[in-house]
Amino acid sequence: MSVVIKVTSPSFSKNRILVDEISSKFPNVEFNHNGKKYSEQELIDYLKNADGAVIGLESMTPAILSNLPNLKIISKYGVGLDGIDLDYCSDNNIKIGWTGGVNKRSAAELALCFMLGLSRNVFNTACKLKNDGIWDKNGGFQLTGKTVGIIGVGNVGKELAKLLEPFHCKVLANDIVEQSQYHNEHGLEGASKERIFSEADVVTLHTPYTKHTGHIVNSESLSKMKETAYLVNVARGELIDQQALKKALKSNSIAGAAIDVYESEPPTDFELLKMHNLFCTPHIGGNAEEAILSMGRSAIYHLNEFFQINVEKEL
């Protein structure tokens with residue numbers, strides 16, 4: 001019996017180390033070498049004969065999954081499971097291979113990069129000098145000693161809190177899970193979202209996307225932020241109402257924002273992307289070289305474990 005593996009992720013497919021490692025274990029593997037973004041039907045056609053799939057950001061809905069009769073395991077390349085219908089998988093005996101936090105340092109470092117770049121006015125002055133030759137010596141403010149609000153204190157949120165320790169920031173933390181002991185042990189202060197939006201010099205988002213977290217940044221929450229405050233998002237684009245953010249940036253009701261994720265990707269709202277006080281990257285938060293290897297090897301590990309246990313016994 002030859003196990004068929006399909007990889008949907010372009011970054012996994014372009015990484016020679018990962019390609020070699022998964023091919024050594026699963027000779028019958030196919031990759032997304034062309035960086036294709038699949039429509040629903042294209043994804044069904046691609047995966048229709050797969051026993052296992054390495055999934056990146058693709059949505060795995062019941063409409064898709066019900067058309068994949070051979071699929072036994074979805075191995076996640078990344079950390080977010082919000083795109084996979086977990087109930088359907090559970091009901092239909094489709095295994096989920098997943099390891100949380102494998103790219104947490106990569107995402108946390110980008111969040112810190114954004115926070116430093118915004119607060120010290122690095123991005124704005126660099127763009128002015130590079131594009132227009134403007135010599136603007138406004139150096140912003142030091143991040144050290146400022147108030148940072150972390151919404152979502154999971155793997156990435158905790159990693160960011162560690163990275164912030166040398167800056168002696170006042171860190172306000174909010175999470176759906178009660179974590180007062182962790183807060184006390186690591187110098188964080190539990191706070192409501194309302195307090196974070198009102199008091200923080202930088203608000204940074206690190207929650208998954210669920211029905212409870214969609215558009216947690218909206219016109220109301222943005223109106224609570226200080227005019228000197230910045231917003232950072234390296235988590236999920238759906239956490240922010242982009243139209244509300246655009247309005248806030250246009251009116252300068254907040255100082256600026258840096259985002260790595262978007263409501264739809266790639267983004268098409270170029271009016272937003274080109275705003276002078278928005279700084280944006282193409283969803284690279286979890287894509288440091290080291291994180292790509294960690295995520296890929298995690299996906300390979302789960303496939304290997306599953307098929308060794310469940311298939312080899314049948315042969």
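This briefing covers the nonpolar cores and the cysteines of the structure above. The model is predicted: local features need pLDDT of at least 70, side-chain atom pairs count only at pLDDT 80 or more, and totals for chains, interfaces and linings use all residues. Residues are numbered from 1 along each chain as its sequence is written, and side-chain values use heavy atoms, without hydrogens and water.

**Nonpolar cores**

- A nonpolar core is a set of buried Ala, Val, Leu, Ile, Met, Phe, Trp, Tyr and Cys residues joined through side-chain atoms within 4.5 Å.
- Buried means under 20% relative accessible area, exposed over 50%, and partly exposed in between (1.4 Å probe, protein chains only).
- The largest core has 30 residues; Met115, Leu143, Ile150, Leu160, Leu164 and Val232 touch the most other members.
- At least two residues each come from α6 (104-119), β6 (147-151), α8 (155-164), β7 (170-174) and β10 (230-233).
- Helices (H or I, at least four residues) and strands (E, at least two) are DSSP runs, numbered from the N terminus.
- The top contributor is α6, with 8 residues.
- Leu160 contacts (heavy atoms within 4.5 Å) Ala108, Ala111, Leu112, Met115, Ile150, Thr204 and His206, leaving out residues up to four places away in sequence.
- A second, separate core holds 29 residues, among them Ala191, Leu205, Met225 and Leu272.

**Cysteines**

- The structure has 0 disulfides, meaning pairs of cysteine sulfur atoms within 2.5 Å.
- Cys169 is buried, at 13% relative accessible area.
- The closest cysteine sulfur to that of Cys169 is in Cys113, 15 Å away, so the two are too far apart for a bond.
- Cys280 is in no disulfide either; the nearest cysteine sulfur, in Cys127, lies 9.3 Å away.
- Cys280 is partly exposed, at 33% relative accessibility.
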